[in-house]
Amino acid sequence: MQIVAEGLACVRGGREVFRNLHFAVDRGEMLAITGPNGAGKSSLLRVVAGLVRPSEGRLILHGGDAELSIGEQAHYVGHQDAFKPSLTVQENLVFWSDFLGGGGEVATSLACVGLYALAHLPARYLSAGQRRRLSLARLLAVERPLWLLDEPGSALDAAGQRLLADIMVAHVGKGGIILAAVHGPLPQAARELKLAGAGALAGDGRGAPEKARL
Amino acid sequence: MSPLSALLLRDLRLAVRLGGGALIGVLFFLIVVTLVPFAVGPDLALLTRIGPAMLWLGALLASLLGLDRLLASDHEDGSLDLLLTGRMPLELALAVKAFAHWLTTGVPLVLAAPVLGVLLNLDPSSTAAVAITLLVGTPALTFIGLIGAALTVALRRGGLLLAVLILPLNIPVLIFGVAASSAATAGTVPFRGPLLILCALSLMSLVLGPVAAAITLRQGLD
Amino acid sequence: MRTLMSLIDLATPSRFVALSARLMPALVALTAVAFLIGGIQAYLAPDDYQQGATVKIMFIHVPTAWLGIFAWVVMSAAALGTLVWRHPLADVAAKAAAPIGAAFTLICLLTGSLWGRPMWGTYWVWDARLTSVLVLFLLYLGVIALRHTIDDPTLAARTVAVFTLVGAINIPIIKFSVEWWNTLHQGPSVFRLGGSAIDPSILLPLMSMLAAFTLLFLTLHLAAMRNEILRRRLRTMLLMKADAAARA
């Protein structure tokens with residue numbers, strides 16, 4: 001499986017966020033998308049997820065399901081957590097598991113992220129870090145090959161960061177692909193796609209893998 | 001559980017748990033109907049004559065309640081993004097949400113109508129006619145309203161604009177709903193005619209609503 | 001003033017729960033006895049020459065009308081307690097009173113409708129008193145809806161308190177307006193619920209039933225307040241549990 005982007009360009013709010021973007025990520029690999037705020041990291045992930053149409057260029061997923069769009073084979077974890085405050089933790093996760101076709105190991109996923117004890121608590125009582133963990137539980141409950149993570153470590157404490165790292169490493173270990181917008185290093189060696197912002201392109205992610213800076 | 005059932009169940013749960021769901025709509029309906037005699041006087045004969053029309057107006061306004069939150073709340077917490085990554089066509093997902101909204105807002109109005117008919121001095125046949133026309137016509141109100149919800153999804157104070165946009169589109173439903181209700185008592189126009197047109201309007205809206213709403217939402221994704 | 005304040009201080013939630021548990025059996029017994037006495041007196045009271053036995057619906061209708069107003073007065077006092085003194089039990093009292101007030105108002109409407117049916121030929125005419133009670137009922141439903149919609153308990157308490165006080169000012173105005181409106185459209189039917197002067201033989205049973213219903217309100221209100229305090233404790237425990245899990 002491989003995800004390839006050719007000549008991607010994106011316009012948001014009349015402003016061209018990036019242009020002429022190329023990358024190719026193979027199964028078992030992570031790609032770190034870095035750059036200053038406003039450089040277009042979130043926009044790029046949304047383009048890959050199919051939530052935003054690119055103004056130019058195309059995306060191809062080799063080895064995926066031809067019937068489904070790329071977004072339908074991906075997990076998108078954005079800045080918001082997509083959980084309803086009036087539903088319990090378990091109800092929220094069960095819904096997304098059923099809706100996204102997970103066939104769900106909901107209880108196991110909750111236990112993995114340390115929220116099993118809070119399964120019947122309404123989601124409104126969760127802290128920001130706990131909500132983030134619930135998003136991670138969704139990644140575990142539904143099997144999808146491609147993960148698009150937008151600053152996944154935000155709001156997580158040290159233990160949460162370790163959990164995130166373990167989950168990410170396990171996923172690519174099983175042959176998954178991760179594209180992650182991050183400000184710091186990824187948990188394992190990954191190539192870096194540097195978005196310079198102001199429309200210019202700094203790196204094209206096609207060089208040799210950079211060692212993760214730990 | 002299938003994705004469709006899961007979405008339906010979630011929306012039903014949310015409607016019930018948030019702000020009382022059905023009950024606020026019925027309360028609003030009750031208040032609007034109560035306002036009528038204050039405006040036109042307690043003349044019972046007059047109330048009987050305009051009763052069906054007032055019930056329809058009340059139901060029309062009450063059915064708008066909560067429509068602006070239908071899509072806006074999903075947009076705000078990022079659920080809409082994830083709904084798009086599901087393997088259900090967006091049109092179908094929107095139709096399911098509208099259906100859940102109709103069950104929790106429209107149907108209670110239909111059930112409340114007979115009680116309110118007592119307040120407006122309607123006789124049983126009038127009341128039954130109004131209830132049937134509401135049952136057939138409120139889906140149209142909800143599904144056309146879905147379009148307004150999509151148009152105003154990103155706006156903060158979308159509710160009023162939604163009403164402004166959607167109420168004119170619902171005029172045919174109002175016309176035939178009241179015509180059918182009055183026909184049941186006055187008897188000059190047969191009941192069946194307007195009722196069948198009302199059915200047609202509802203069926204058409206079941207398709208037009210989700211399709212138009214989906215197109216609108218996709219425009220916003222650019 | 002000092003004694004009053006220290007008395008109010010005594011009414012902390014936990015002491016209230018203990019106190020209410022002790023008071024409850026006595027209150028229930030008193031209420032039952034009052035209804036027994038009132039019921040017998042009502043049964044023995046003479047029939048009205050015009051309406052026959054249906055006039056006895058008045059023994060339920062009039063007290064419930066009174067209690068519908070009384071509940072809003074209690075809520076207004078509680079609203080002041082919330083806004084001015086920030087007393088923790090004030091909001092509990094307000095929240096507990098609203099559904100009870102709504103229920104009494106609804107019973108008043110239903111009994112009024114049944115009472116008027118033989119004379120009016122229909123279940124509802126827009127009679128001045130009944131219409132005022134209907135508007136009061138709508139206000140009760142509104143305040144319950146308002147509290148239900150706001151998540152944060154402190155904000156809910158204050159918002160509801162403000163609305164309650166606004167209602168307290170507005171309700172006499174509404175009542176006056178409705179009566180004026182009714183005189184504008186005075187139809188041919190002159191029957192007015194409980195319009196004519198009340199004969200002493202009816203007055204005594206009416207007073208007894210009034211006392212009985214008031215005791216009923218107090219009993220229900222006390223029980224509801226206790227339940228609300230326990231409910232809030234439960235919520236606090238849930239929050240602490242979430243907090244503890246976050247630290248773990």
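Predicted model: local features only at pLDDT ≥ 70, side-chain atom pairs only at ≥ 80, totals over all residues.
# Notebook: a look through chains A, B and C

I began with burial in chain C: 32% of its 248 residues count as buried.

**Chain C, overall.** I looked up the secondary structure next. Chain C has seven helices and zero strands. Reading along the sequence, I get the pattern α-α-α-α-α-α-α. Then I checked the contacts in chain C with a separation of 6 or more. Residues 24 or more positions apart account for 81% of them.

I stopped at C:Arg86, which has a positive phi near 55 degrees and is not a glycine. I wrote myself a reminder that most residues other than glycine have a negative phi. Where is C:Arg86 placed? I found it in the loop between α3 (58-85) and α4 (88-120) of chain C.

Over to chain A, where I traced an open sheet of three strands in the order β2-β1-β4, with antiparallel pairing. β2 (15-26) and β4 (56-62) of chain A are at the edges with a single partner strand each, so one side of each has no neighbour in the sheet.

I then followed one pairing through. Strand β1 (residues 2-12) of chain A runs antiparallel to β4(A), and six bridges join the two. Which residue of β4(A) is the bridge partner of A:Val4? I found A:Ile60 there. Helix α1 (residues 41-49) of chain A packs on this sheet and touches β1, β2 and β4 of chain A. The direction of α1 makes about 120 degrees with that of β1(A).

**Between α1 and β4.** The loop between α1 and β4 of chain A holds A:Leu51. A:Leu51 has 20 other C-beta atoms within 10 Å, so I list it as buried; the cut-off for buried is 20 or more. I also took a distance from here to A:Thr88, which is 37 residues apart from A:Leu51 along the chain. The C-alpha atoms of the two are separated by 27 Å.

A:Glu151 has a positive phi of about 45 degrees, although it is not a glycine. I located A:Glu151 in the loop between β6 (146-150) and α5 (158-173) of chain A. With 19 C-beta neighbours inside 10 Å, A:Glu151 counts as partly exposed.

**Where chain A meets chain B.** I counted 23 residues of chain A in contact with 20 residues of chain B. On the chain A side, β5 (74-77) and α2 (89-99) each supply at least two residues. Which element gives the largest share of that side? I have α2(A) down for it, with four residues. By class, the chain A side has 12 nonpolar, six polar and five charged residues.

**Where chain C meets chain A.** Last entry: six residues of chain C are in contact with nine residues of chain A. I sorted the chain C side by class and got five nonpolar, no polar and one charged.

Technical notes:
Residues numbered from 1 in each chain as written. Chains lettered and ligands numbered in written order. Pairing = 2+ DSSP bridges. Contact = placed C-beta atoms within 7 Å. Axes fitted to C-alpha atoms, helices over the stretch in contact; angles between N-to-C directions. Buried ≥ 20, exposed ≤ 12 C-beta atoms within 10 Å, placed from the backbone. Nonpolar A, V, L, I, M, F, W, Y, C, P; charged D, E, K, R; others polar.
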